[in-house]
Amino acid sequence: MGKRGPKPKLAALSKLDGNPGKRVIEESGIEALGEPFIPEHLSDDARGCIEVIKASMPSTVYSALDSFLLSAFVTAWALHKLAAHKINDPSFEHVITVGDNGAEAQSPWLAILNKQAALMASLGDRLGLDPKSRAALKLPGAKQKKSKFAGLLGQNGSSPSLSN
């Protein structure tokens with residue numbers, strides 16, 4: 001029988017998140033190596049998107065193994081963009097007639113747009129591409145912002161004196 005409870009976080013992710021408890025972070029698994037690459041099968045839109053992502057994140061965040069997950073994200077983005085262009089066409093019909101009986105249905109482009117947006121949200125969270133997941137990453141050597149409350153206490157940590 002294995003260990004109980006949730007699997008521990010990868011050591012690299014624990015280091016990025018910081019170590020407020022100062023516990024020893026046990027290295028486990030293998031370290032992913034290499035720079036992420038851009039697969040040749042991607043469309044021009046997807047290639048441009050992956051270039052923006054790579055340029056926007058620190059070089060130590062992604063490795064060559066992340067290329068496949070990045071490819072899935074940028075493909076979803078390219079399909080989302082295509083669907084958005086179709087929907088923004090002035091002649092676009094949100095409701096279409098389907099079949100011989102004249103039944104009406106939502107345009108398939110709306111479903112594509114929504115499914116790709118959901119996929120991008122899911123993959124983006126795993127890749128650190130949304131503000132919440134980026135805020136959770138703490139890179140070694142990164143400076144912490146000064147708190148807006150830093151000046152409320154005196155230099156020695158005591159409360160400021162209140163005078164009338």
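Which helix does S122 lie in? S122 lies in helix α4. The views below come from a predicted model.

**View 1. Serine 122 sits in helix α4.**
S122 has a relative accessibility of 38%. Buried means under 20% and exposed means over 50%, so S122 counts as partly exposed. F73 is 49 residues away from S122 in sequence. In space, the C-alpha atoms of S122 and F73 are 9.0 Å apart.

**View 2. Helix α4 runs from residue 108 to residue 127.**
This helix has 20 residues. At 1.5 Å a residue, α4 should span 28 Å. Just after α4 comes G128. G128 takes a positive phi of about 75°.

**View 3. Several residues of α4 are buried.**
They are L110, L113, Q116, M120, L123, G124 and L127. What covers them includes two helices, α3 (67–88) and α5 (131–136). The strand β2 (103–106) is also among the elements that cover them.

**View 4. Helix α3 has its own buried residues.**
α3 has 22 residues. At 1.5 Å a residue, they should span 32 Å. The end C-alpha atoms of α3 are 31 Å apart, which agrees. The buried residues of α3 are S67, L70, S71, F73, V74, A76, A78, A83 and I87. They pack against α2 (44–56) and α4.

**View 5. Serine 71 is a buried residue of helix α3.**
Is S71 buried or exposed? S71 has a relative accessible area of 7%. The cut-off for buried is under 20%, so S71 is buried. Which residues does S71 contact, leaving aside its neighbours within four places in sequence? They are P39, L42 and I50.

**View 6. Helices α3 and α4 pack together.**
Their axes are 8 Å apart. The angle between α3 and α4 is about 150°. Angles over 145 degrees count as roughly antiparallel, so α3 is roughly antiparallel to α4. The crossing of α3 and α4 is left-handed. What kinds of residues form the contact of α3 with α4? The residues of this contact divide into 20 nonpolar, three polar and two charged.

Technical notes: Residues numbered from 1 in each chain as written. Predicted model: local features only at pLDDT ≥ 70, side-chain atom pairs only at ≥ 80, totals over all residues. Heavy atoms only, no water. Helix = DSSP H or I, 4+ residues; strand = E, 2+ residues; numbered from the N terminus. Expected span 1.5 Å × (residues − 1). Buried < 20%, exposed > 50% of the residue type's maximum accessible area, 1.4 Å probe, protein only. Contact = heavy atoms within 4.5 Å. Axes fitted to C-alpha atoms, helices over the stretch in contact; angles between N-to-C directions. Parallel < 35°, antiparallel > 145°, perpendicular 65-115°, else oblique. Left-handed = near helix turned anticlockwise from the far one by under 90°. Nonpolar A, V, L, I, M, F, W, Y, C, P; charged D, E, K, R; others polar.
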